[in-house]
Amino acid sequence: MHFKTEVFTAVAAWALSAASLSFYSDCDYIEGGLCPRGDADLQALGKQLSSSAKLYFPGSSGFKDLTTRWSTLAEPKVNVVVVPGTENDVVQTVKFANKKDLPFLTFNGVHGALVSLGKMDHGVGISLSQLNSVKIAQNGKTVTLGGGTMSKKVTDTLWAAGKQTVTGTCECVSVLGPALGGGHGWLQGHHGLVSDQFVSMNVVLADGTLKTIDHNSDLFWAMKGAGHNFGIVTSLTSKIYAIEHSDWAIETITFSGDKVEAVYQAINDYLLKDGAQPAEVINWSYWMNVPDLDANNPVIVLYLIQEGVKAVDSIYTKPFHDIGALAIVPQAGTYKDLAAWTGIALDSPPCQNMGMANPRFPIYLEKYDVAAQKMAWDIYEPAVRGSSPFNFSIFMFEGYSFGGVHAIPSSASAFAFRSENILAAPLINYVPVDQALENKAAALGKQLRNILHEATNRTDIRAYVNYAHGDESTHQLYGDNQQRLLALKKKYDPTGKFSFYAPIE
């Protein structure tokens, strides 16, 4: 406790002479350019780390770059960031934090937006950004990834080798961030979730030991859906597949709000009914402001995506054309174009850290309740139009192909909600001003989610871990897996070292 109160309140005491350590220490921000020597244990840690490890302190550009998050709501606070150059560097950093009785938090893409992260009010950050290797096995059936590898790098590397696998859809997130919570992706209709591709992984456990785990370990089940609670994955081996179709197509169809009932009835009738949406077809929709199409009101943007074609088949597009659209934009390309088409590429607004709060309020659905969609629209539209502080908000409806997810037994992993077909989530985007605005944003997000939940007639919300607001119950995030997860938590992390991201309680 003395260390925490004395050293962590005096940031300069962390800054060490770069010459005294085998790793880089960016401490030029210290007044006068001097880097005073600090805690002896930190110096000892430096001697145990590899020559490629890095260390950053508050006030340095490196620290800011590594800790600036996509959502500013309830940001975790750290007093030093270690950037491991090897898997053993993660081991040594965790052992150091444990010795000093300090909390630690691992990150890479910094897109986690749960308010539970705000419980981290001091401690050690561990950025896996340097553990970003991609190595395809000689047999062409698996790929081994560093724990901090970003999705775009994996997609591009595999594509160049004629391979692909399920990753998250957004280019600026890591593979493992979404995967540890299950992980939805464009190819899940064929192969299941991102976590369903796991073959084995190296994990640093709460006590600082490095273990290789696979299907023979009881922990492997938990890592596929609740992995944030059990360890730091430093490397991962996953299944990969030969590219079957290089062609992909999309049709972006935009509707005015008065078409909300017709649009979602058509999705129910022509895509979701009797499992009619095949593995190669995906439908997404966003409710959002698009001033070029409607200067005064939000609109409905529907993405119809199809694999293996140069134009989306009219059997899928015609029912929506018949409704009457504000705009229809067809495009053709490859799998690598999907992120840009749907506004989640590296250079798209959602991939920029713009100092905004971005809470989400997810809920899984089997199908759309059209009346509930209309009720939600009638709340959403006036709340985000015009000069509203929430006018950059989006209501997301992700209708991935679901056959590959349904085909895998629920007992195969800790991911709890395989029977669902739609992932919905209002994302209430705003510039944080005060607590009153934060409360108003949370109230809006929860109101919209509750409208959809009440229409399901279920006793509880089913929420996606990676989109969670952070105040959901364990049952809402992990369903009926709660007791099994609690038993594993007691076995592998009895003191709750991993307790900031969607914790099991």
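The sections below take up these topics in turn.

The coordinates belong to a predicted model.

**Cysteines**

One disulfide is counted in the model. Cysteine 172 and cysteine 351 form this link, with their sulfur atoms 2.1 Å apart. The pair joins distant parts of the chain, the two cysteines being 179 residues apart. Cysteine 172 lies in the loop between β8 (163–164) and α6 (176–179), whereas cysteine 351 lies in the loop between α11 (338–341) and β17 (363–365). The torsion about the S-S bond is -85°, and the link of cysteine 172 and cysteine 351 is left-handed. Both cysteine 172 and cysteine 351 are buried.

Cysteine 170 is itself buried, at a relative accessible area of 14%.

| Sulfur pair | S–S distance |
|---|---|
| Cysteine 172 and cysteine 351 | 2.1 Å |

**Annotated segment**

An unreviewed UniProt entry places the feature "domain: FAD-binding PCMH-type" at residues 73–243. In the model, residues 73–243 are 23% helix and 25% strand.

**Helix α5**

Helix α5 covers residues 151–160, and its buried residues include Ser151, Val154, Thr155, Leu158 and Trp159. These residues lie on the same side of α5, because they cover an arc of only 120° around the axis. An α-helix has 3.6 residues a turn, so residues three or four places apart point the same way. The buried residues of α5 pack against β6 (134–136), β7 (142–146) and β8. Just after α5, glycine 162 adopts a positive phi of about 75°.

**Nonpolar cores**

Which residues touch the most other members of the largest nonpolar core? They are Phe230, Trp287 and Phe320, in a core of 137 residues. Leaving aside residues up to four places away in sequence, tryptophan 287 touches a set of residues including Val260, Tyr264, Val299, Ile300, Trp377, Tyr380, Phe395 and Phe397. The contacts of tryptophan 287 also include Gln373 and Ser393. A second, separate core has 23 residues, among them Val82, Phe96, Val204 and Ala206. In soluble globular proteins, nonpolar side chains tend to be buried together.

Methods:
Residues are numbered from 1 along each chain as its sequence is written. This is a predicted model: local features need pLDDT of at least 70, side-chain atom pairs count only at pLDDT 80 or more; totals for chains, interfaces and linings use all residues. Side-chain values use heavy atoms; hydrogens and water are left out. A disulfide is a pair of cysteine sulfur atoms within 2.5 Å. Helices (H or I, at least four residues) and strands (E, at least two) are DSSP runs, numbered from the N terminus. Buried means under 20% relative accessible area, exposed over 50%, partly exposed in between (1.4 Å probe, protein chains only). UniProt positions are given in the numbering used here, feature names are shortened, and annotations may be inferred rather than shown by experiment. The arc is that of the directions from the helix axis to the C-beta atoms. Contact means heavy atoms within 4.5 Å. A nonpolar core is a set of buried Ala, Val, Leu, Ile, Met, Phe, Trp, Tyr and Cys residues joined through side-chain atoms within 4.5 Å.
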